[in-house]
Amino acid sequence: MPAYLQLSQIGKTFTRGAATTEVLKEVSLDIAKGEYISIIGHSGCGKSTLLNIVAGLTPATTGGVILDDREVNSPGPDRAVVFQNHSLLPWLSVYDNVRLAVDKVFSGTRSRAERHAWTLHNLDLVQMGHAKDKRPAEISGGMKQRVGIARALAMEPKVLLLDEPFGALDALTRAHLQDSVMQIHASLGNTILMITHDVDEAVLLSDRIVMMTNGPSARIGEVLEVNLPRPRRRLELVANPTYLKAREAVLKFLHERHRFVEAA
Amino acid sequence: MSATAETLYARPRAAGRPAVSPLAVSGLLWLGAAALTHGVPDRNTGITDIAYTPQLAALQAGLGGALLAAGLLGGRLGRPGAALRRAGPWFALIAVLLAAWELLTAKLAVLPLPFFAPPQGLLEVYLDDWARLGLSLWHSVKLLAWGYLIGAALGVLTGISIGWWQQASYWIHPVLRFIGPLPATAWLPVAFFAFPSSWSASVFLIALATGFPVTILTWSGIAGVNKDYYDIARTLGASERFLVLKVAVPAALPHIFVGLFMGLGASFAVLVVAEMLGVKAGLGWYLSWAQGWAAYANMYAALLVMAVMCSSLITLLFRLRDRVLSWQKELVRW
């Protein structure tokens, strides 16, 4: 049986004038339905480029992406993206930001009332129902990411693409949101591909961690299975040997074998 | 003596509050101005008779009485009362300036008639010639509305086109660079013989003057839209039409409104020139007509109406912007 989401031999070369830079080289990855995959690597290694290729926002130079037996070559609502920031349209209210996506995906199949209820349902899912009439400028960064997640979930995508979704948040807010995402993943069984540079976050959330080598010509260096039972609780994991081992493996990969040499 | 904190804090506030409300003071000033208008005899220099002095005095007295009453009623007037109170100092200043004007023209003839009309001269124009002034105002507003709305609509469309499509930019941009900076009034002679009527020529000129800033600002607004917004919309499966109408245009609206504001200012200038030189109606026409008859009071009266019209239209535009752009923080208040 072929994988649900298949990245095969993806390469990406950027050309500017006479200069060409190979960012990604022969990246292949098979992801099963319902799996939570993290991609980790130093900044500049091309992991965001990889996510954009899966999203269809950037075309791959070589290779391709197959999702549920269909090739991906343009952005579409079957792959919802939660961006690191600037994720909401500032002139729309929280409700309208989610409703926009709901209308785009379900205008043909669901009635107005159903779409309204579905929008509210997803806002409640991320505990943002109380702020539905606020504008993005009036809510905190964590709340904006919640709304971004609600919008992505509301589209019922085949795969959820998270581009460092918690990167700009403070530690407490980040932990809250990570717990929310874990709960949602547990109850809805979404397939999730997440970019991160946070080792603890990757180990806590993922079924598998994909470690990228440093660019240029970044490749998949190693894939680590995280065999921790779910539901996972961050406090209990602190002393869990499997957790610590996984954490150590990722840290070793990042800081010994693929140390970031250039000044960040 | 033990003074509590409350009285310590309360004292400066109590001292800061004036014993008499500024509104009542301005009421008294208006009454004083009325007394001046009524009590000091006019000095008629013989060229133009000063009329309507009793009416002016009555108007000043009436306003003074009303302000005094409002000042004495104080907080019992609710929200309109509060707005009135804020304007109190301005009422006072205007009363003083009007009295000084009255003194310098009608009473002492320091500023000679007829070049400097006394306040009652303007009152005379409003009472005797209101029909013609009103008609002129109506013609001006109508001409302006046609020209401005056409210019603004075309400007927004052109701006979006060159901001969005390379091809449009290739062909329109050079034309814009060449012709745009030319003042619209420079087209006046050409427009007046190229168009079937001076009215349609003026609509064209006003549209031209409005269209240029609107186009440039719309274009820069579209060009400056955060590219992330497009990515967001594209991941929702947005079509190009959706990207233009639901992302680019709303995101560019702050710029578009700056363009609309600049265009409105430019359209006023062209309106007045066009009416003075070609169109046989409107406030600009009224101005030059009054000048031709040496009816200086009519000129001042028309200028005042024009100022109120322009200011009101700008206010209207800002109100519209505040409504549409309520999502934007820290807007400049008009």
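**The interface**

The model is predicted. The size of an interface is often given as the accessible area lost when the parts come together. Chain A and chain B bury about 1,800 Å² between them. Of that area, 71% is on carbon and sulfur atoms. The contact draws 21 residues from chain A and 18 residues from chain B.

How many salt bridges does the rule find across the interface of chain A and chain B? The count is 0. For polar contact, the count between chain A and chain B is 1 residue pair, with both residues at pLDDT 80 or more.

Now take the side of chain A that touches chain B. Two or more residues each come from β6 (79-82) and α2 (94-106) of chain A. Helix α2(A) gives the most, with 3 residues. By type, the residues on this side of chain A divide into 13 nonpolar, 4 polar and 4 charged.

**The salt bridges**

Side chains of opposite charge can pair when their charged atoms come close. Over all chains, the count comes to 19 salt bridges. The table shows three of them, including two in chain A.

| Pair | Closest N to O |
|---|---|
| A:Lys158 and A:Asp68 | 3.5 Å |

Start with A:Lys158 and A:Asp68, which form a salt bridge. A:Lys158 lies in the loop between α4 (141-154) and β7 (159-163) of chain A, and A:Asp68 in the loop between β4 (62-67) and β5 (70-72), so the pair ties together parts that are 90 residues apart in sequence. A:Lys158 is partly exposed, at 27% relative accessibility. A:Asp68 is partly exposed too, at 31%.

The next pair sits within one helix. A:Asp103 and A:Arg99 both lie in α2 of chain A, 4 residues apart, about one turn of the helix. Is A:Arg99 buried or exposed? A:Arg99 counts as buried, because its relative accessibility is 12% and the cut-off for buried is under 20%. A:Asp103 has 25% and counts as partly exposed.

Chain B has a pair within a helix as well. B:Asp231 and B:Arg234 both lie in α11 (residues 227-235), 3 residues apart, about one turn of the helix. B:Asp231 is partly exposed at 21% relative accessibility, and B:Arg234 is partly exposed at 27%.

Which residues join into one network? They are A:Arg99, A:Asp103 and A:Arg115, linked by salt bridges that share partners.

Notes:
Residues numbered from 1 in each chain as written. Chains lettered and ligands numbered in written order. Predicted model: local features only at pLDDT ≥ 70, side-chain atom pairs only at ≥ 80, totals over all residues. Heavy atoms only, no water. Contact = heavy atoms within 4.5 Å. Buried area = accessible area lost by both parts, 1.4 Å probe. Salt bridge = Lys/Arg side-chain N within 4 Å of Asp/Glu carboxyl O. Polar contact = N/O pair within 3.5 Å; in protein donor to acceptor, adjacent residues only side chain to side chain. Nonpolar A, V, L, I, M, F, W, Y, C, P; charged D, E, K, R; others polar. Buried < 20%, exposed > 50% of the residue type's maximum accessible area, 1.4 Å probe, protein only.
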